[in-house]
Amino acid sequence: MKKKDRSRLPMLAQTGPVSVWMVLFVTLPLLFIIYISFMSRGEFGGVVYEFSTESYRTILDPMYFTVVAKSFRVALTTTLLCLLFGYPLAYYIAKKPPEKASRLIMLLMIPFWTNGMMRLNAWMLFFQMNGPVNYVLTHLHIVEKPVMFLYTDWLVNIGLFTNMLPFAVLPMYSSIEKLQKSLLEASYDLGADRKKTFFRVTLPLTFPGIFSAIILTFIPALGTYTVTDMLGGGKVLYIGNIIKNQFGAIRNWPLGAALSVLLLVITALLIFLYSRFAGIEDLEVV
Amino acid sequence: MCGVDALSEAIVSLKNVEKWFGDNHVVRNMNLDIAEGEFLTLLGPSGCGKTTTLRMIAGFEDATEGTILVEGERVEDKEPFQRDVNTVFQNYSLFPHMTVYDNVAYGPSIRKTPKAEIRERVKEMLDMVQMSGYEKRKPDELSGGQKQRVAIARALINRPRVLLLDEPLGALDLKLRKQMQIELKRLQKKLGITFVYVTHDQEEAMTMSDRIAVMKDGVIEQIGRPAEIYRRPKTRFVADFIGESNIFEGVVEHVGDRTGADGSASGGARLLGIRLGAGRVSACGEGFSAGDRVYVSVRPESLCVSREKAEGFDLPASVTDTVYMGTLTKILLRTADGQEVKYSRFEQEEDLRESMGVYLCWQPEKAVVIPAEAERGESR
Ligand SMILES: Nc1ncnc2c1ncn2[C@@H]1O[C@H](COP(=O)(O)OP(=O)(O)OP(=O)(O)O)[C@@H](O)[C@H]1O
Ligand SMILES: [Mg+2]
């Protein structure tokens with residue numbers, strides 16, 4: 001008996017603190033959010049602890065539904081852009097010798113050591129009515145009058161894309177880099193040209209990295225509110241802003257919680273799909 | 001002389017091929033003609049350039065200089081996927097995301113072969129390598145020997161004229177290795193495909209090959225039939241690398257009459273008297289004159305041990321060790337200058353005891369005399 005206890009101790013010592021931490025700061029708050037989402041809204045904001053599914057019914061309201069749909073569209077566009085530009089970039093980096101590759105990765109990461117707000121402000125300055133982009137466009141007579149870039153879905157997409165790109169590139173880089181060169185050679189040897197080899201060998205074998213990239217870009221893009229707040233000016237609404245507003249200005253906590261639960265379910269679904277198709281152990285989280 | 005008789009028969013030809021990796025000279029002035037239907041082995045120690053040679057034929061490396069011809073056509077401008085050769089890779093390189101069936105079907109399916117025909121050919125291939133029934137398995141559900149068979153089936157399904165094999169049995173255990181050696185050889189004979197086979201296992205090379213090219217530091221030291229290479233090594237390296245050999249260093253003292261008894265048709269061999277550090281010996285050799293520095297190579301089974309000096313020999317030695325190995329007895333001796341000599345024989349007479357003094361000799365035509373300069377393959 002004693003012996004058994006002692007053998008268990010090291011494991012407990014290793015996982016114990018983390019488990020306590022996870023339960024205290026992740027599981028409990030999550031459960032609390034789910035709990036709140038089924039409560040009623042107080043007359044002056046806050047939560048009244050009475051069971052109600054009103055928040056969930058509100059989400060089905062067409063207005064909210066459009067917002068959710070739009071958020072999905074933007075997140076999807078961002079993800080697609082990240083894959084489209086990220087995969088070739090990751091491929092390019094992976095084919096470089098290791099030293100050069102790590103330098104390129106560094107280059108990719110440098111913008112992320114600056115403050116996120118600063119970066120977004122820079123984009124705003126760049127694209128504002130009397131900013132450099134409009135200056136060039138009007139002087140080259142491509143447009144007559146300065147274009148209003150700010151607060152459009154378009155700019156939000158650019159902001160999200162540049163924000164998320166590294167998180168798409170890193171997992172894809174690591175799975176391309178792991179791809180054995182001899183498998184490509186085997187494919188050439190059997191008569192497949194570069195294009196066929198790419199679609200039949202490279203792409204399927206780097207799929208785990210691609211899926212990680214999808215998760216790592218789609219989920220944050222869906223839930224973001226800083227980018228959409230600033231570049232969208234709060235004028236165009238996304239699910240992330242709404243959640244933030246429900247907990248902040250509007251003080252409809254149950255609705256905010258219900259929307260959060262919706263995001264959680266989507267996230268869980270994606271991860272479930274991933275574990276089914278790619279094997280969870282391959283998840284490339286850097 | 002040992003090359004392919006008529007050049008037109010060569011299915012693969014390397015002409016003055018050089019390969020540099022940076023300032024590492026990996027293949028040096030290689031000339032090699034491989035005949036159609038031949039089983040040719042590139043044999044040599046690790047790092048001597050065997051894989052590099054194979055990869056140049058397959059198209060994965062470019063030769064720095066020289067030409068490579070496959071079926072009489074220069075191939076330097078052809079991509080690997082345009083060359084009519086297929087490779088069995090050292091680590092198998094099966095596609096891990098595909099089943100055995102899809103792996104084997106890869107070649108024909110790339111070529112848009114009709115589905116029904118693919119099915120038939122895959123079945124035929126898997127039958128041939130005795131892997132039918134495994135179609136639905138993934139490569140990581142196979143043993144090493146099974147992966148090997150699938151890799152061979154995958155490479156052969158395209159019906160290449162030439163199959164390149166890079167240490168295909170390297171990862172298998174001894175027993176399976178022996179079994180696969182026999183199967184591979186049988187397959188090669190049956191299909192009549194030219195095999196270019198890489199190994200660093202001289203026994204494997206001896207049992208399987210029609211011809212062996214022994215390589216060292218990017219140079220083919222000798223090329224010929226296994227028995228020829230075994231009996232008539234041209235350089236000290238080959239004598240040492242192929243089988244067991246006793247190699248004595250010495251100087252030619254006098255050149256005797258023609259013997260006409262050196263086994264081959266050439267009557268030019270003469271009986272040579274050679275002075276060693278620890279005595280005098282005789283051997284047959286061609287084209288030597290007195291004063292030449294030479295190596296004398298004698299196989300353990302060609303050695304004789306007796307209590308008296310034989311004619312032309314004066315090489316005393318003492319027995320240091322005897323090992324009985326079933327039918328074979330291995331005896332270790334040491335000459336006066338400390339060189340270890342290996343001697344093996346089939347009789348089990350217990351006449352040799354440790355620290356016993358004896359004389360070594362051999363039939364002069366059984367020994368091979370190698371000029372000392374030929375040790376450096378470059379000089380030719
Ligand atoms: N891609 C490469 N870049 C630089 N040097 C290389 C490259 N490939 C091989 N070499 C060098 O070329 C030499 C010959 O290599 P090769 O792989 O042909 O040897 P090998 O005879 O096949 O040896 P082994 O029996 O160990 O497989 C080695 O010194 C190796 O370090
Ligand atoms: Mg090799």
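**Exercise 1. Count the cavities and describe the largest one.**

Step 1: count. The model holds two cavities of 30 Å³ or more. A cavity is a set of points on a 1 Å grid over the protein atoms alone, where a 1.4 Å probe fits but cannot get out.

The model is predicted: local features need pLDDT of at least 70, side-chain atom pairs count only at pLDDT 80 or more, and totals for chains, interfaces and linings use all residues. Residues are numbered from 1 along each chain as its sequence is written, chains are lettered from A and ligands numbered from 1 in the order in which they are written, and side-chain values use heavy atoms, with hydrogens and water left out.

Step 2: size. The largest cavity has a volume of about 90 Å³. A volume is the space filled by probe spheres set on the grid points, which are joined across faces, edges and corners.

Step 3: lining. Lining residues have an atom within 4 Å of a point. For the largest cavity they include B:Met128, B:Arg149, B:Glu183 and B:Leu187. The most comes from α5(B), with five residues.

Step 4: class. The lining of the largest cavity has six nonpolar, one polar and three charged residues. Here Ala, Val, Leu, Ile, Met, Phe, Trp, Tyr, Cys and Pro count as nonpolar, Asp, Glu, Lys and Arg as charged, and the others, Gly among them, as polar.

**Exercise 2. Describe the second largest cavity.**

Step 1: size. The second largest cavity holds about 40 Å³ of space.

Step 2: lining. A:Ser71, A:Leu160, A:Thr228 and A:Tyr238 are among its lining residues. In chain A, α3 (62–94) and α10 (207–223) each supply at least two residues.

Step 3: class. This lining has five nonpolar, three polar and no charged residues.

**Exercise 3. Describe the interface of chain B and chain A.**

Step 1: contacts. Contact means heavy atoms within 4.5 Å. On this rule, 26 residues of chain B are in contact with 20 residues of chain A.

Step 2: area. About 1900 Å² is buried between the two chains, and carbon and sulfur atoms give 57% of that area. Buried area is the accessible area (1.4 Å probe) that two parts lose on being put together, summed over both. In chain B, the residues that lose the most area to chain A are B:Phe81, B:Tyr106 and B:Ile110, together 32% of what that side buries.

Step 3: salt bridges. A salt bridge is a side-chain nitrogen of Lys or Arg within 4 Å of a carboxyl oxygen of Asp or Glu. Two salt bridges cross this interface. One pairs A:Glu185 with B:Arg55 (2.8 Å, N to O).

**Exercise 4. Find a salt bridge within chain B and place its partners.**

Step 1: total. Over all chains the count is 24 salt bridges.

Step 2: pair. B:Glu204 and B:Arg177 form a salt bridge, their closest N and O atoms being 2.9 Å apart.

Step 3: place. B:Glu204 sits in helix α6 (residues 202–208) of chain B and B:Arg177 in helix α5 of chain B. The two are 27 residues apart, so the pair links distant parts of the chain.

Terms used: On a 1 Å grid over the protein atoms alone, a cavity is a set of points where a 1.4 Å probe fits but cannot get out, and a pocket is an open set with protein on both sides within 12 Å along at least five of seven lines; lining residues have an atom within 4 Å of a point. Helices (H or I, at least four residues) and strands (E, at least two) are DSSP runs, numbered from the N terminus.
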